[in-house]
Amino acid sequence: MTQEEIPYRLVRARRRTLAIHILPDGSVEVRAPMQMAESRIRQFVAEKRGWITKKQGETLERQRLRRETRLSPGDSVVLLDRPYRLETAAPGEVPGLAGERILLPDNPGKEETAALLEDVCRRLGRDYFPGRVAELAEKWGFSFQSVSVTGAKTRWGSCSGKDRLCFSLRLCWAGIRGVDYVILHELAHTQVRNHSPRFWALVADRMPDYRQREEELRELHRRLYLLGL
């Protein structure tokens, strides 16, 4: 390998095209058809040098920001449109939700803080989501079987074939605008199981600004990633 060549890990699979993936540590993975010549793969990587370098920089910057971004005592967070102040638990106080405060253990690590905030959001979500779903279902003319709160990180909500609705505890960070959109999205799936034009027409009929709320949720997802939540 020459000095100018970009190092990469080659993964061959039953596929027809080449694809380049930048992994979280900034390394490069190339996925290629089983029989493709390595000379063609190296040429492809060389042609994508500019794109690879750019994406590696973006990936490493995200990792740096994630390491440095954290919540600490003295900060405030907003959950379901209600502000809470983070404080260190005093002797005899139990870390967790305490009125308008969220009590943290002394000098918590980032993972410990994230786990405690997840517990708080699970509690808030279980108290809030079932009633709000019932309220909006009645308002918009939908029916459902049950509501549960999960720790899902790849989706805000889901609807089973039996109309059982699940919502991620992370949705508590969204505020009521985001919560109502996700509730509508999953309620709409009780009538239309796919994301066809009919589905989106149903959503738009109840919530004309749903696209703006979707964008707000995408931005929230990026912020929660940096916080390790």
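Predicted model: local features only at pLDDT ≥ 70, side-chain atom pairs only at ≥ 80, totals over all residues.
I started at threonine 113 and listed what it touches: Leu71, Leu104 and Pro108, skipping residues up to four places away in sequence.

Next I checked where threonine 113 sits. It belongs to helix α3, which covers residues 110-140. Buried or exposed? Threonine 113 has a relative accessible area of 5%, and the cut-off for buried is under 20%, so I put it down as buried.

Then I followed α3 along. The helix bends by about 35° at glycine 125. After α3 comes glycine 141, and I wrote down its positive phi, near 85°.

On to the cores. Which residues have the most contacts inside the largest nonpolar core? I found Leu79, Ile102 and Trp173, in a core of 47 residues. Several elements give two or more residues to this core: strands β4 (76-79), β5 (82-88), β7 (101-104) and β10 (164-168), plus helices α3, α4 (175-188), α5 (197-206) and α6 (210-227). Which of them gives the most? That is α3, with eleven residues.

I looked up tryptophan 173 separately. Leaving out neighbours within four places in sequence, tryptophan 173 is in contact with Leu71, Val77, Val78, Leu79, Leu117, Cys121, Leu220, Leu224 and Leu229.

Technical notes:
Residues numbered from 1 in each chain as written. Heavy atoms only, no water. Helix = DSSP H or I, 4+ residues; strand = E, 2+ residues; numbered from the N terminus. Buried < 20%, exposed > 50% of the residue type's maximum accessible area, 1.4 Å probe, protein only. Contact = heavy atoms within 4.5 Å. Bend = angle between axes of the 7 residues up to and from the residue. Core = buried A, V, L, I, M, F, W, Y, C linked by side-chain atoms within 4.5 Å.
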